[in-house]
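Subject: The structure to look at

Hi,

Here is the structure I said I'd hand over. Have it open while you read, and my notes on it follow below.

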Amino acid sequence: MTHKVFTVTPETSLSAAASEMLSRRINCLPVVGNDGKVCSIITSTDLLRSYQKIQAALENYPPAGSV
Amino acid sequence: MNQSNRPSTAGEFSVAAQSESTERNKCVADVMTRKTVTLSPHHSFAEAVSLMTDRHFRHIVVIDTGGHIVGVISDRDILRTLARTTNWQTKDVSQIMTREPFTVKRETPVSAAVAKIVAKRINCLPVLDDEGKVCGIVTSTDLLKAYQKLLESLEGSCAKP
């Protein structure tokens with residue numbers, strides 16, 4: 001197993017979580033709550049799913065500055 | 001969130017808006033990994049494993065002598081082979097690869113590539129040129145990089161000038 005574990009909190013931004021995964025060359029980050037316990041896990045697949053949702057949402061809005 | 005990345009003047013604001021627009025409309029050719037590692041179907045299982053462990057990648061494209069794609073090997077294929085077969089030492093690439101993998105073209109929109117990877121529960125899509133030959137590979141890591149850039153550009157253009 002991997003002993004040196006990198007974690008995020010529920011409040012960590014998506015871009016920060018993505019940066020952490022990319023720079024560490026990892027595909028998942030345990031999510032640690034205020035009580036110091038692992039409450040969830042976020043994977044690169046979770047982030048790609050949110051990418052899909054954001055892309056779909058953006059199609060309905062013009063780019064900033066174009067209107 | 002990195003406050004220093006936020007634009008503070010109208011000029012910087014329009015630059016951020018422009019980059020956000022660019023990040024939105026990317027196609028596969030803009031984000032793919034051009035340098036792919038290939039093997040032939042007759043290479044051994046051990047050769048595939050050592051290639052993957054010696055370097056930092058998780059996918060190998062399998063091509064025939066004409067340069068056309070016949071399959072893909074991922075780290076998952078290797079794990080599956082190790083877990084389910086006792087005689088993996090005797091296997092060759094053609095016996096463990098995923099045949100007829102899903103592929104995309106250079107001009108495929110990034111959104112379509114993301115949709116395919118999420119829906120098919122895979123981590124890579126070989127990119128084919130007009131002649132049907134492999135010209136690159138787009139992986140979940142490449143797409144995560146693109147997503148990260150989009151998020152940063154959105155954070156930039158959403159900030160008040």
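What percentage of the 161 residues of chain B count as buried? The value is 33%, where buried means that 20 or more other C-beta atoms lie within 10 Å of a residue's own, exposed means 12 or fewer, and partly exposed is in between, with C-beta atoms placed from the backbone.

Some housekeeping before the tour. This is a predicted model, in which local features need pLDDT of at least 70, side-chain atom pairs count only at pLDDT 80 or more, and totals for chains, interfaces and linings use all residues. Residues are numbered from 1 along each chain as its sequence is written, while chains are lettered from A and ligands numbered from 1 in the order in which they are written.

The model scores ipTM 0.87 and pTM 0.84. Chain B has a mean pLDDT of 86, with 85% of its residues at 70 or more; pLDDT is the predictor's confidence in each residue, from 0 to 100. Within chain B, confidence is highest in strand 5 (residues 104-105), at 97, and lowest in helix 1, at a mean of 62. Residues 1-9 of chain B have a pLDDT below 50, and beyond near neighbours in sequence this stretch has 14 contacts in the model. Two residues are in contact if their C-beta atoms, placed from the backbone, lie within 7 Å. Where pLDDT is low, the predicted coordinates should not be read in detail.

The layout of chain B

Chain B has seven helices and seven strands. These are DSSP runs numbered from the N terminus: helices are H or I with at least four residues, strands are E with at least two. Along the sequence the pattern goes α-α-β-α-β-β-α-α-β-β-α-β-β-α. Of the contacts in chain B with a separation of 6 or more, 62% are between residues 24 or more positions apart.

Now the sheets. One is an open sheet of four strands in chain B, in the order 1-2-3-4, with mixed pairing. Two strands pair if DSSP finds at least two bridges between them. Strand 1 (38-39) and strand 4 (98-99) of chain B are at the edges with a single partner strand each, so one side of each has no neighbour in the sheet. Strand 2 (residues 59-63) and strand 3 (residues 69-74) of chain B pair in the antiparallel sense over five bridges, and B:Ile60 stands opposite B:Ile73 there.

B:Ile73 is worth a click. This residue of strand 3 of chain B is buried, with 26 other C-beta atoms within 10 Å. Leaving out residues up to four places away in sequence, B:Ile73 touches B:Ala48, B:Ile60, B:Val62, B:Ile78, B:Val93, B:Ile96 and B:Met97.

The other open sheet in chain B has three strands in the order 5-6-7, again with mixed pairing. Its edge strands are strand 5 and strand 7 (134-139) of chain B, each pairing on one side only. Strand 5 and strand 6 of chain B pair in the parallel sense over two bridges, with B:Val104 opposite B:Val127 in strand 6.

Also in strand 6 (residues 124-128) of chain B is B:Leu125, which is buried, with 28 other C-beta atoms within 10 Å. B:Leu125 and B:Val138 are 13 residues apart along the chain, yet their C-alpha atoms are separated by 5.2 Å.

Where the chains meet

How many residues of chain B are in contact with chain A? There are 22 of them, and they contact 19 residues of chain A. Helix 7 of chain B gives the most to this side of chain B, with 10 residues. Of the 19 residues of helix 7 of chain B, 15 are buried, so this helix is largely enclosed by the rest of the structure.

Over in chain A, the buried residues of helix 2 are A:Ser44, A:Leu47, A:Leu48 and A:Tyr51. Seen down the helix axis, they fall within an arc of 100°, so they line one face of helix 2 of chain A; the arc is that of the directions from the helix axis to the C-beta atoms. Their cover includes helix 1 (14-24) and strand 2 (38-43) of chain A, together with helix 6 and helix 7 of chain B. The face turned away from the buried side of helix 2 of chain A carries the exposed residues A:Lys53, A:Ala56 and A:Ala57.

Enjoy!
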